[in-house]
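I have a new notebook page and a model to explore. Let me write down what I look up, one entry at a time.

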Amino acid sequence: MRHFFGLLLGALVAAALLLGGGWASQEAVRGAAQSVDPAKDTRMLIALGVMAVVGLLLGLVLVGRVSPLAAFVPSMALLAWTVVYVLDVSRAASLVPTGPAVQAELLQAGRGMLTLLSTGVYGLLGVALFLPVLMPSRWAGPVRDEEEEYEESFGY
């Protein structure tokens, strides 16, 4: 059951890294280009908050005692997209939500995703998220005491 919840958490982490991280990075680039004071611009404060929440979620998945699927799902998404980018830039760029029918915030997140993809941040995060998957202790369940399990089965 913990691997099922790890799979769901992995999908949530992937969405947070892609959408939240993309939007926040694009907002930070806008603020830096316009020399915006973060203390006076609420969008910059929200972007910094989103970055903090995404970083916290990423940290919890990396070091927390959760199923390794929570790190494996986003790592494969990020690494696969990075490999597609290395092999064919136009195909990787076509996976980003763009066009006139896309909402402005989602379009901004798409531009941020392209920035993070082209600078190699997604490749770096993909490798970092893949390392906990290689640890055998993450795949094992919690250690149970055999004597306690025996007593519970007979009602003692």
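**Entry 1: the overall pattern.** Which pattern does the protein chain follow, read along the sequence? I read it off as α-α-α-α-α-α-α-α. My count for the chain is 8 helices and 0 strands. I also noted that this is a predicted model.

**Entry 2: the whole chain.** I looked up burial next, and 31% of the 156 residues count as buried. The chain exposes about 9500 Å², and carbon and sulfur atoms supply 70% of that area. Then I turned to contacts between residues at least 6 apart in sequence: 75% of them join residues at least 24 apart.

**Entry 3: helix 1.** I followed helix 1 from residue 2 to residue 33, which makes 32 residues. Its first and last C-alpha lie 44 Å apart, close to the expected 46 Å. Where does helix 1 bend? I found the bend at Gly21, and it is about 30°. Just after this helix, I noted that Ser35 has a positive phi of about 50°.

**Entry 4: the core.** The largest nonpolar core has 23 residues. I wrote down the members that touch the most others: Leu17, Val61, Leu78, Trp81, Tyr122, Leu125 and Leu129. Helices 1, 2, 3, 5 and 6 each supply at least two residues of this core. Which helix gives the most to this core? It is helix 1, with 5 residues.

**Entry 5: Trp81.** Trp81 is in contact with Leu18, Ala92, Leu95, Val96, Met113, Leu117 and Tyr122.

**Entry 6: Ser75.** I found Ser75 in helix 3. Is Ser75 buried or exposed? Ser75 counts as buried because its relative accessibility is 0%, and the cut-off for buried is under 20%. Not counting residues up to four places away in sequence, Ser75 touches Gly126, Leu129 and Phe130.

**Entry 7: helix 6.** Which residues are buried in helix 6? I listed Tyr122, Gly123, Leu125, Gly126 and Leu129. They cover an arc of only 165° around the axis, so they sit on the same side of helix 6. I jotted down a reminder here: an α-helix has 3.6 residues a turn, so residues three or four places apart point the same way. Last, I checked the partners, and the buried residues of helix 6 pack against helix 1, helix 2, helix 3 and helix 5.

Key:
Residues numbered from 1 in each chain as written. Predicted model: local features only at pLDDT ≥ 70, side-chain atom pairs only at ≥ 80, totals over all residues. Heavy atoms only, no water. Helix = DSSP H or I, 4+ residues; strand = E, 2+ residues; numbered from the N terminus. Expected span 1.5 Å × (residues − 1). Bend = angle between axes of the 7 residues up to and from the residue. Buried < 20%, exposed > 50% of the residue type's maximum accessible area, 1.4 Å probe, protein only. Contact = heavy atoms within 4.5 Å. Areas by Shrake-Rupley, 256 points an atom, 1.4 Å probe, with all protein chains shown as cover. Core = buried A, V, L, I, M, F, W, Y, C linked by side-chain atoms within 4.5 Å. Arc of directions from axis to C-beta.
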